[in-house]
Amino acid sequence: MNGRPLVTAPPVARLIEAFHRLPGIGPKSAQRLAYHVLRAPRAEAEALAIALVDVKDRVRLCGRCQNVTEQDPCDLCSDGARDQGLICVVEEPLDTLAVERAGVYTGLYHVLHGALSPMDGVGPDKIKIRELVERVSHGGVREVILATNATMEGDATASYLVRLLQPSGVAITRIARGLPVGADVEYADEVTLGRALRQRVPVETEERAAVEGGER
């Protein structure tokens, strides 16, 4: 008999490989997940399969804020009680959940679905920047809050957005650095994120402080 015999049934091997392709799932974790599904009741496995298919078939991007939604516009954009003149710009859909948990923000959102990263081939055309500029150009927006992550990519994205949006005349602020440098908005606790939102400062002030700090 040529070759090594298979120690895992092909369907299980394919499931392990499928889990392994997910971000953050290593080989051991993929194996544990696959064998959990194998041992689970059929109803649980079918529910997982249905949920996966539903995400692909029923979830779309909101035409206004680009957040994930089942209906367009999404619930937040359709909520008349939200401040329609205030837009908080975040990198990922999960960031909106983090901001909402802080309980202090009552405006709308714009989800970029990433951050500028030339080394990774992510330019302005790869994320939802054009949609934000068009949204602001239609009027009715008085302030844009930049809540990109406190990373090199997040800072580069924020600076790029400032250059694009300043001609529109809207106020541009950035959440205060209550967030540790290098941290993602998604993982910030409610108190820290709430403080950062309340203490946001005009972009010009932040950039001037950075320049003055570098000259010392």
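Pro73 lies in the loop between strand S2 (68–69) and helix H4 (75–78), where helices (H or I, at least four residues) and strands (E, at least two) are DSSP runs numbered from the N terminus. The peptide bond that leads from Asp72 into Pro73 is cis, with omega near 5°. For context, most residues other than glycine have a negative phi, and most peptide bonds are trans.

The model is predicted, so that local features need pLDDT of at least 70 and side-chain atom pairs count only at pLDDT 80 or more, whereas totals for chains, interfaces and linings use all residues. Residues are numbered from 1 along each chain as its sequence is written, and side-chain values use heavy atoms, with hydrogens and water left out.

An open sheet of five strands has the order S4-S3-S5-S6-S7, with mixed pairing, two strands being taken to pair if DSSP finds at least two bridges between them. Strand S4 (107–111) and S7 stand at the edges, each with a single partner strand, so one side of each is left without a neighbour in the sheet. Strand S3 (residues 83–90) is joined to S5 in the parallel sense over four bridges, and Leu86 has Glu143 of S5 as its bridge partner. Strand S5 (residues 143–146) and strand S6 (residues 171–174) also run parallel, again with four bridges, and here Ile145 stands opposite Thr173 of S6. Between S5 and S6 the chain passes through helix H7 (residues 152–165) in a right-handed β-α-β crossover, a term that applies if, with the strands pointing away from the viewer, the path from the first strand over the helix to the second runs clockwise. By contrast, S6 and strand S7 (residues 201–202) run antiparallel and are joined by two bridges, with Pro202 in S7 as the bridge partner of Thr173.

Helix H6 (residues 129–137) packs on the sheet and touches S3, S4 and S5, its direction making about 145° with that of S4; contact means heavy atoms within 4.5 Å, and angles run from 0 to 180 degrees between N-to-C directions, with axes fitted as lines to C-alpha atoms, for helices over the stretch in contact. H7 lies across S3, S5 and S6 and runs at about 170° to S6. H6 and H7 pack against each other at an angle of about 35°, with their axes 11 Å apart. In their contact, Ile129, Leu132, Val133 and Val136 of H6 meet Tyr160, Leu161, Leu164 and Leu165 of H7, and these residues divide into eight nonpolar, no polar and no charged, with Ala, Val, Leu, Ile, Met, Phe, Trp, Tyr, Cys and Pro counted as nonpolar, Asp, Glu, Lys and Arg as charged, and the others, Gly among them, as polar.

A further helix pair is formed by H1 (residues 10–20) and H2 (residues 27–39), which pack at an angle of about 130° with their axes 8 Å apart. That angle makes H1 oblique to H2, since angles under 35 degrees count as roughly parallel, over 145 as roughly antiparallel, 65 to 115 as roughly perpendicular and the rest as oblique. The contact involves residues of H1 including Val12, Leu15 and Phe19, and residues of H2 including Pro27, Ala30 and Leu33; its residues divide into eleven nonpolar, two polar and no charged.
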